[in-house]
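Q: Hi! Could you walk me through this one with me?

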Amino acid sequence: MEDIAIRIEQVSKLYRLGIISSGSLKEDIGMLLAKINKREDEYFEAGEQERKQLVWALKDITFDVKKGEVLGLIGKNGAGKSTLLKILSRVTEPTRGRVKIRGRIVSLLEVGTGFHPELTGKENVFLNGAILGMSKREILSKYDEIVEFSGVSKYIDTPVKRYSSGMYVRLAFAVAAHLEPEILIVDEVLAVGDAEFQAKCLGKIKDVSAHGRTVVFVSHSMAAVRSLCQSAVLIDQGQVTDSGDVGRIVDRYLGLNQVVTASSVHFPPNERPGNVDFKVIAIRIRNQWGDESNAFFVSADFTIEIEYEVLKDDVQICLSVSLNNAQGDGLFASLNTTDREYDVKRKQGVYMSSVKVFGSLLNCGKFHIAINGYREGWSDHFGINNVLSFEMLDDNALRGDYKQNYGGSFRPKLEWNTKAVSNSK
Amino acid sequence: MEANNSEEKWDLIIEQKHHWLDLDIRSIWKYKDLIVLFVRRDFVAQYKQTLLGPLWHIIQPLFTTFLFTIIFGQIANIKTDGSPRPLFYLSGLIIWGLFSGTVLSTSATFVNNAAIFGKIYFPRLVSPISVVISNIIRFGIQFVLFLIVWVYYLYFDGSSFHPHPGISILFIPVIVLIISIMGMGCGIIISSLTTKYRDLSMFTGFALQLLMYLSPVIYPAVIWGRYEWVMKYNPITYMIDMCRYAFLGTGQISIHGILYSLACSVILLTIGIILFNRVEKSFMDTV
C-alpha cells in the first residue's frame, strides 16, 4: 500500500444550481420572518424549490494513483473533472468521502496565479513561487534557472503589465515548472502559448514524471494525454466510467464523444442500398478495442464493418471501400479480393465483411468513407458515398523530434537506411 | 487493505472539516514567506507610478490634522483637553487610521482574492494577516511622524506643553496589538458576511464613519457630557486615551478599560475566525 500516492475514496460533491443567495439579506430576513409567523409564504416555497435544485457534480469517485504514475483524467465538459481537480487542489471541499495524499502536492490549475501587473518579473517570480508553496530559499536557489527557462531575462526588471501575453505566460510557466512537488496536479494550462512553447511544457511534464513523481493531468487534448500518461480515468456525469490503460480509455472517450458525426449507420429495411444479390444493412467503424468510434490515432488500427443481407442462394459478394480526404480527393480503394473467402458462394442470410485499416497509414485529418457493391464479375454496381466520416488524430507517431506541420494525407511507416558511400578517411 | 487500514500513513487527508475553530497556526507559519511577499506587493503596487510614493502615508494624516485644527479647533473651537490641537488630532487620527484601515482592507479579503482563492490553496488567513501587517507598518511610519511633531512641541514650541512621558510610552505596542486584533476581527467578520450579503460592503464605510464620531478622535470623551457612557462602550476609546495619556499627559489610564478592550478584541477575532473558517470552505461554491 506504500506505493499509493493519492487515494480517492468515494468522493462526492453536491452543488446547488441557480441563484444562491445573491445579496439576499432581504430574502433571508423574509424567510426568517415567515418562519416566525409560521406562514407558508412565497419565501418558504422558494426555499423548497431551491432544495430541489441540488446536483451531484461528483458521485462516489474512487480510484488510486500510484506513486510515479502519470494519470490522465479525461471526460467531456461538465463531466466533473474540474470539480475533482478543485478538490485535489483543496480549493473546495468534498461533500462526502475523502482524498488521502502521500507526499508534497502542488496543483497548477492556472499559470501565473497571483501575478500582479505592477510588479516586475522578478518580484512576480517570488510572489508566484510563494503562492505555489515554495519557500524563499527554494525560489532563490532556482531563480536563475527559472529566468533562463522563461526566456525573458532581458525584461525581468520590467513590470509584467508591459509584457506581451506570450512573455507573461512563459514566465508564469517557468515558475511552475521549477516546483519540485512529489505529486503534480495539472489542468489544461497547456492550452496557452504557441506550439513551440506547448511542446516545451509537455517536455517539462515528461521530465517531472521521468523523475519518478506522480502526475495527474487533465486535458482535452487526447494527443497530449496519450503521449504523457500511462493510464487514464474516464469521468462521465460525475462518475468514473472506466479506468486503465491510456490507449484503451482514450479510444473509449473518443468513441463516447462523437458529437459531430456517427460512427455507424443503419439503413431501415426499405432504404437499404444494394442490388439484386444483396443489400447493405449497416456500416460501422470500430477502434482496435472493438468499440464503435470515429476518431483514431494515426498509429492505431481500426476496422470498417459492412453488414449485409444476401437475398438469394449461391451468390458471390464483391465489395470495395474507398477513402476520400476532407477536400474530397479520392485517396485509395480496397477490394475484398484479398478476403480469404472472396470466392465463396453465399447462401441466403446476413453476413458481415470487415476491412482492417492498419495504423501508420493515414495522416491526421478528416476522412470520408465510400462503399461500393457489385455482383459477381464486378458488374451491377451500387455506391454509397460519404456514408461515414472519421478523424485521425496526431499522437506524434513517426515524428521523432519533428514538431512542425505534417502535411499530406498519408503517414506511412517506411524504412529508412543510411550508409557511408565514401568516407573522408 | 482490510487489516492495516489504520496503520497507513498519509501526509494529507482532504475531507469536509467539522471543527469550528480550526486555526492551523503551523501551516500559516509555513507560509510566512508568502505573508512577507504579500505585504511587499501591497506596498509596491500601491505606490508604483505615484510621484510621492509612501510619503502619502504621511501626507494624509498631516493634511487631515491641518483641516481638523482649522475646522474643529479654530472655527468650532472644540476643547482638546488642553493639549496642542495638532498633537491631539494626530494621535487620535493615526490610531483610528490603524483600526479603520485594518477593517476596510481585511473586509475585502474574499472579494479581492476570489481569483487566487479559486485556483490555489494556501491557508486563507494568510491574506488578512498580511493586510494587518501592512497596516501596522503604515502606522509605524505615521507614528514616526507623530513623534517628530511631538518632539517639536516638546522642545521648540515654547508653549506650556510639558507632559511627563514615562514608562507608559511602552504601552504603544499593546495599543497597536489590541487595535490590530480588533480591526482584523471586525474585518474578517465583515468579509465572511459580505460573501453572502453584498449589502454589507456598502454599510461598512458608513458604519466606520459613525464609529469614528463615537471615538475620541476629534474631541475628548468628556465633551459628550451626559452621554459619555456611550463612548465608554467603545473599546477604541481606551486605546486612544491610553496613547494620549502616554504622550500628552492628559486623561487617565484605566486598567478596566484596557482589559475591556482586550476582551473585545479577542472575542471579535474568535468570532471572526469561526465565521471565516465556515465561509472559507464554501466560498468557492457560492461566489
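A: Happy to; below we chat about cavities, a sheet and cysteines.

Q: Great, what should I know about the model and the numbering before we start?
A: This is a predicted model, where local features need pLDDT of at least 70, side-chain atom pairs count only at pLDDT 80 or more, and totals for chains, interfaces and linings use all residues. Residues are numbered from 1 along each chain as its sequence is written, chains are lettered from A and ligands numbered from 1 in the order in which they are written, and side-chain values use heavy atoms, with hydrogens and water left out.

Q: How many cavities of 30 Å³ or more are there?
A: Two. A cavity here is a set of points on a 1 Å grid over the protein atoms alone where a 1.4 Å probe fits but cannot get out, and lining residues have an atom within 4 Å of a point. The volume is the space filled by probe spheres set on the points, which are joined across faces, edges and corners.

Q: What is the volume of the largest cavity, and which elements give two or more residues to its lining?
A: The largest cavity has about 80 Å³. Its lining takes two or more residues from each of α6 (165-177), β6 (183-186) and α7 (195-210) of chain A. Helices (H or I, at least four residues) and strands (E, at least two) are DSSP runs, numbered from the N terminus.

Q: And what lines the second largest cavity?
A: Residues of chains A and B: Leu119(A), Glu123(A), Leu127(A), Leu37(B), Arg40(B), Arg41(B) and Val44(B). α2(B) gives the largest share, four residues. The volume of this second largest cavity is about 50 Å³.

Q: Switching topic: in what order do the six strands of the open sheet in chain A run?
A: The order is β5-β6-β7-β3-β8-β9, with mixed pairing; two strands pair if DSSP finds at least two bridges between them. β5 (105-108) and β9 (239-245) of chain A each have a single partner strand, so one side of each is left without a neighbour in the sheet.

Q: Are β3 and β7 of chain A parallel or antiparallel?
A: Parallel, joined by four bridges. Val70(A) has Val215(A) in β7(A) as its bridge partner.

Q: Last one: how many disulfides are there over all chains?
A: Zero, taking a disulfide as a pair of cysteine sulfur atoms within 2.5 Å. For Cys186(B), the nearest cysteine sulfur is that of Cys264(B), 9.4 Å away.

Q: Is Cys186(B) buried or exposed?
A: Buried, at 18% relative accessibility, where buried means under 20% relative accessible area, exposed over 50% and partly exposed in between (1.4 Å probe, protein chains only). Cys264(B) is buried too, at 16%.

Note on methods: 1 Å grid on protein atoms, 1.4 Å probe; cavity = no way out; pocket = protein on both sides within 12 Å on 5 of 7 lines; lining within 4 Å.
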